[in-house]
Amino acid sequence: MDVLAICGSPRKNGTTNSVLEPVLAGTGRSYEVLWPAFMKIGHCIGCQKCRDVTPGKCWQDDDMTAAVNKMLEAKALIIASPTYFGNVPGPLKNFIDRSIATCHTGKGEPWQGDTPGHGTRPFRGEPAMIVVISGGADHEKTAANIRLVLEYYEYQVVGEFVEGMGGYIVTKEESPDIYGELFSLGKKLDEVLKAKGV
Ligand SMILES: Cc1cc2nc3c(=O)[nH]c(=O)nc-3n(C[C@H](O)[C@H](O)[C@H](O)COP(=O)(O)O)c2cc1C
């Protein structure tokens, strides 16, 4: 699997998926979509056991165990999300918080920040994309929150689609322009991967 997408919407036929699908199609790559709202993911309790006791592993053996491995396996990441009160929905936030275990597997170079205890960066320089929609407002805030996470993990953000969509469902037939824009975004991800020899 080359591209891992995390779709934060709790609605499989909603706007978020309708904008994510053309991006994935545009990549022309093997991909997998994870849906945190339909996964068993306990929330992070901040115990730091994934750092201090069982490096890279959370004591909660739920669907995040496999998800963390998929993140490490993938060559590129797409985070797609609707806007809930200017942020990502709860299940996606739980996914993001639990993904902190990826900093403590020992894979990658040490974090370049200036405080200790932030582990290593297995995703440094890997391409990532942000796909965020809203009913009409505050999608930029949601995107900024996702950007923060991707920057912390030192992904290279190579493309974004951040729009208020008012509940619109994108289809190739009824919205060829937006579909084309999203498809091109996916193509760009493929080109970035090719340039990296992937
Ligand atoms: C709990 C909740 C909070 C929301 N907060 C916002 C918001 O802050 N700004 C906004 O423009 N839309 C907001 N919306 C609307 C959703 O972003 C919009 O309906 C979006 O299309 C949902 O994505 P989906 O179709 O993939 O489910 C909210 C919806 C819900 C259910």
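Around the ligand stand 19 residues, of which the closest are Gly14, Thr16, Pro82, Ser134 and Gly135; a residue is taken as near a molecule or strand if its C-beta atom, placed from the backbone, lies within 6 Å of it. Two or more residues of this shell come from each of helix 1 (15–27) and strand 6 (127–134), where helices (H or I, at least four residues) and strands (E, at least two) are DSSP runs, numbered from the N terminus. Sorted by class, the shell around the ligand holds 6 nonpolar, 11 polar and 2 charged residues; Ala, Val, Leu, Ile, Met, Phe, Trp, Tyr, Cys and Pro count as nonpolar, Asp, Glu, Lys and Arg as charged, and the others, Gly among them, as polar.

The model is predicted, and local features need pLDDT of at least 70, side-chain atom pairs count only at pLDDT 80 or more, and totals for chains, interfaces and linings use all residues. Residues are numbered from 1 along each chain as its sequence is written.

An open sheet of 5 strands, paired in the parallel sense, has the order 2-1-3-6-7, and two strands are said to pair if DSSP finds at least two bridges between them. Strand 2 and strand 7 (156–164) form the edges, each pairing on one side only. From one strand to the next the twist averages 15°, with axes being lines fitted to C-alpha atoms, for helices over the stretch in contact, and angles running from 0 to 180 degrees between N-to-C directions.

| Strand pair | Sense | Bridges |
|---|---|---|
| Strand 1 (residues 3–7) and strand 2 (residues 31–34) | parallel | 4 bridges |
| Strand 1 and strand 3 | parallel | 5 bridges |
| Strand 3 and strand 6 | parallel | 5 bridges |

Alanine 5 has isoleucine 78 of strand 3 as its bridge partner, while serine 81 is bridged to valine 132 in strand 6.

Strand 3 is largely enclosed by the rest of the structure, because 6 of its 6 residues are buried; a residue is buried if 20 or more other C-beta atoms, placed from the backbone, lie within 10 Å of its own, exposed if 12 or fewer, and partly exposed in between. In a regular strand the side chains alternate between the two faces of the sheet. In strand 3 both faces are covered, with Ala76, Ile78 and Ala80 buried on one side and Leu77, Ile79 and Ser81 buried on the other.

Helix 1, which contributes to the ligand shell, is mostly covered, 12 of its 13 residues being buried. Among these are Thr15, Thr16, Asn17 and Glu21. The buried residues of helix 1 pack against strand 1, strand 2, strand 3, strand 6, strand 7 and helix 6 (176–195), contact being defined by C-beta atoms, placed from the backbone, that lie within 7 Å. Just after helix 1, glycine 28 takes a positive phi of about 65°.

In helix 4 (residues 90–98), the buried residues are Leu92, Lys93, Phe95, Ile96 and Arg98, and they pack against strand 1, helix 3 (63–73), strand 3 (76–81) and helix 5 (139–152). Helix 5 in turn lies across strand 3, strand 6 and strand 7, running at about 160° to strand 6.

**Loops and an exposed position**

Two residues other than glycine also have positive phi values. Aspartate 138, with a phi of about 70°, sits in the loop between strand 6 and helix 5, and it counts as partly exposed because it has 17 C-beta neighbours inside 10 Å. Glutamate 154, whose phi is near 65°, belongs to the loop between helix 5 and strand 7, and its 19 C-beta neighbours inside 10 Å mean that it too counts as partly exposed.

Glutamate 73, found in helix 3, counts as exposed because it has 11 C-beta neighbours inside 10 Å.

Conventions: Two residues are in contact if their C-beta atoms, placed from the backbone, lie within 7 Å.
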